[in-house]
Amino acid sequence: MVNDTISDMLTRIRNANMIKHQIVQIPSTKMSRSIAKILKEEGYIEDFESYVEDNKHYLLLSLKYIGKSRVSVISKLKRISKPGLRVYSNSKELPRVLNDLGIAIISTSKGVMTNTKARELGIGGEVLCYIW
């Protein structure tokens with residue numbers, strides 16, 4: 001059993017990107033579905049769908065590549081808040097990833113969202129990861 005499901009998800013995506021896989025399978029949790037939804041809305045993945053196999057829930061993420069050389073849209077995924085060291089940020093100190101070229105995924109009291117949406121709503125939370 002995996003303790004840190006977010007790190008597991010990011011590592012699976014990172015590994016699939018390295019070897020240019022089209023789809024990647026990850027165990028489904030509420031948090032991984034929320035992150036997958038944000039990745040789709042922001043254009044980092046094509047699509048995702050959930051399915052059940054042997055009474056276990058999984059997500060299938062369809063990764064996005066550009067051109068014939070298949071350059072990955074996601075160039076870097078970085079986990080910020082870890083189980084041993086949680087990182088929180090208030091609304092005034094939300095991180096900017098590459099001057100807003102990338103996104104930070106924040107877990108707030110209103111749900112999981114990007115740093116720009118949290119800044120618009122004026123709320124802070126736990127900084128989960130950076131993506132660019």
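Helices (H or I, at least four residues) and strands (E, at least two) are DSSP runs, numbered from the N terminus. The model shown here is predicted: local features need pLDDT of at least 70, side-chain atom pairs count only at pLDDT 80 or more, and totals for chains, interfaces and linings use all residues. Residues are numbered from 1 along each chain as its sequence is written, and side-chain values use heavy atoms, with hydrogens and water left out.

**View 1. Histidine 57 and its contacts.** Histidine 57 is placed in strand 3. Contact means heavy atoms within 4.5 Å. Apart from neighbours within four places in sequence, histidine 57 is in contact with Pro27, Ser28, Tyr51 and Val52. Threonine 29 is 28 residues from histidine 57 along the chain, and their C-alpha atoms are separated by 8.0 Å.

View 2. Strand 1 and strand 3 (residues 56-63) run antiparallel and are joined by 5 bridges. Isoleucine 26 stands opposite leucine 59 in strand 3.

View 3. Axes are lines fitted to C-alpha atoms, for helices over the stretch in contact, and angles run from 0 to 180 degrees between N-to-C directions.

**View 4. Helix 1 against helix 2.** The two helices pack at an angle of about 45°, with their axes 10 Å apart. That makes helix 1 oblique to helix 2 (angles under 35 degrees count as roughly parallel, over 145 as roughly antiparallel, 65 to 115 as roughly perpendicular and the rest as oblique). Ile6, Met9 and Ile13 of helix 1 meet Met31, Ser32, Ile35, Ala36 and Leu39 of helix 2 in the contact.

**View 5. A salt bridge between aspartate 4 and arginine 79.** A salt bridge is a side-chain nitrogen of Lys or Arg within 4 Å of a carboxyl oxygen of Asp or Glu, and the structure holds 5 of them. In this pair the closest N and O atoms are 3.0 Å apart. Aspartate 4 lies in the segment before helix 1 and arginine 79 in strand 6 (residues 77-79), so the pair ties together parts that are 75 residues apart in sequence.

**View 6. Serine 107 in strand 8 (residues 103-108).** Leaving aside neighbours within four places in sequence, serine 107 is in contact with Met31, Val112, Gly125, Glu126 and Leu128.

Notes
Two strands pair if DSSP finds at least two bridges between them.
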